[in-house]
Amino acid sequence: MSAVIGCVLPAGVGGQIKRVIIEDLNDLQKLVGGYIEPVTAQFAEDFFVTMLVNEEGIQQNLEMNWIASALFMREIVGDVVLVRAQDDNGVLADDFLDLPTEFIGWLEERHMPKVANAYNQTLMVSAMFRLAVQENLIPEDEVEQFFIDTMVYLEGGDIEPELQKKTTEFIDKVIALVEEKVTANLGDKLADEIYEFLDKGGE
């Protein structure tokens with residue numbers, strides 16, 4: 001393969017997108033930490049992007065890649081590399097092509113902040129769920145079922161209006177229960193402890 005411009009989307013939290021020049025297969029394997037597996041998605045009529053992932057990432061228990069998961073609407077783990085997978089004539093190429101600078105800029109300026117915001121909201125909701133179970137405000141099996149139902153979001157499946165309504169109502173219910181617990185004559189000290197618990201993400 002000829003040298004191409006791509007970018008690395010880091011796994012975990014707090015990493016930054018890194019622009020890279022990829023010269024050969026060895027470069028790709030170093031960037032993802034193992035053998036690669038390509039996943040291609042269409043983002044516009046004439047624009048395809050290939051994501052190169054570690055094919056053994058799940059077995060190796062690599063960290064969740066929140067940026068890539070949100071972009072490709074499926075669960076992705078480990079660092080990934082993005083390259084373009086289409087030539088200028090709209091024909092899928094056999095080789096990788098440069099990832100447009102404008103797309104990398106969109107990832108950095110628009111996509112990353114949205115993912116970070118969604119991640120922070122997820123932490124808060126998860127903390128509330130744990131607190132609700134810990135305080136016996138809601139059965140643990142209901143929380144487990146909620147996460148089973150919402151896995152469809154990560155797996156890129158169709159979101160049925162009924163499921164969306166169900167999950168939203170459940171979140172609202174948990175928030176209301178936690179707020180009621182906090183304000184129901186518990187005293188300032190306990191209220192402070194609960195909010196501190198939530199602020200730390202339930203740790």
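Mentor: Residues are numbered from 1 along each chain as its sequence is written. In this predicted model, local features need pLDDT of at least 70, side-chain atom pairs count only at pLDDT 80 or more, totals for chains, interfaces and linings use all residues, and side-chain values use heavy atoms, with hydrogens and water left out.

Trainee: What is the mean pLDDT of the protein?

Mentor: The mean is 79, and 77% of the residues reach 70 or more; pLDDT is the predictor's confidence in each residue, from 0 to 100. Where pLDDT is low, the predicted coordinates should not be read in detail.

Trainee: Why is Asn54 called buried?

Mentor: Buried means under 20% relative accessible area, exposed over 50%, and partly exposed in between (1.4 Å probe, protein chains only). Asn54 has 5%, so Asn54 is buried. The residue sits in strand E4 (residues 47–54); helices (H or I, at least four residues) and strands (E, at least two) are DSSP runs, numbered from the N terminus.

Trainee: Which backbone atoms lie 3.2 Å and 2.8 Å from a polar atom of the Asn54 side chain?

Mentor: The backbone oxygen of Val32 lies at 3.2 Å, and the backbone nitrogen of Glu56 at 2.8 Å. A polar contact is a pair of N or O atoms within 3.5 Å; within protein, one must be able to donate a hydrogen and the other to accept it, and residues adjacent in sequence count only if both atoms are side-chain atoms.

Trainee: What makes Phe43 and Phe103 a tilted pair?

Mentor: Rings of Phe, Tyr and Trp (its six-membered ring) pair if their centres lie within 6.5 Å; planes under 30 degrees apart count as stacked, over 60 as edge-to-face and the rest as tilted. The structure holds six aromatic pairs. In one of them, Phe43 and Phe103 are 5.7 Å centre to centre with 55° between the planes, which is tilted. Phe43 is in strand E3 (residues 36–44) and Phe103 in helix H3 (residues 101–134), 60 residues apart.

Trainee: Is Phe43 called buried, exposed or partly exposed, and why?

Mentor: Phe43 has a relative accessible area of 31%, so the residue is partly exposed. Phe103, at 11%, counts as buried.

Trainee: Why is the pair of Phe129 and Phe170 called edge-to-face?

Mentor: The ring centres of Phe129 and Phe170 are 5.5 Å apart and the planes stand at 65°, so the pair is edge-to-face. Phe129 is buried at 2%, and Phe170 is buried at 11%.
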